[in-house]
Amino acid sequence: MIQAELAALLRCPETGEPLTGWDGSAPEATLTTASGRSYSVSGGIANLLPDVLRGTSADDSAETIEKRTEMAARDAQTSSYDGMMGLKLFTSVEVPLTLSYLRPEPDQLMLEGGCGTGRMT
């Protein structure tokens, strides 16, 4: 779960409107915009994919099909991510370098949004 002050920073990827309906503590929720768009929260993770990639749009352009295909391929690999040696090696360098650059203080919060496997969290 994320903290309420980070949940309050979430915005609609389509309109930029604030998202309400979740304080970051419940594992399941629905985020909504004032204009009526909605996004699910499942397992404490907000799904902020645009409509076209969530399957709620009829867009069948070549670009959309390619993106959906890539998403399906990545989803099929999720159970093996943690065991991938290359990813482990990359993470062992990437995470410390990123954190040394950011220099987070113990009382600061960090939101890792749209970052694939969530290696930083």
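In what sense do strand 1 and strand 2 pair, and over how many bridges?

Guide: This is a predicted model, in which local features need pLDDT of at least 70, side-chain atom pairs count only at pLDDT 80 or more, and totals for chains, interfaces and linings use all residues. Residues are numbered from 1 along each chain as its sequence is written, and side-chain values use heavy atoms, with hydrogens and water left out.

Strand 1 (residues 29-32) and strand 2 pair in the antiparallel sense over 4 bridges. Strands here are DSSP runs of E with at least two residues, numbered from the N terminus; two of them pair if DSSP finds at least two bridges between them. Within this pairing, Ala29 stands opposite Val41 of strand 2. The hairpin that strand 1 and strand 2 form has 5 residues between the strands, and there Gly36 takes a positive phi near 100°.

Strand 2 itself covers residues 38-42, and its side chains alternate. Tyr39 and Val41 point to one face and are buried, that is, under 20% relative accessible area with a 1.4 Å probe and protein chains only.

In the hairpin of strand 2 and strand 3, 2 residues lie between the strands, and Gly43 takes a positive phi near 65°.

Terms used: Buried means under 20% relative accessible area, exposed over 50%, partly exposed in between (1.4 Å probe, protein chains only).
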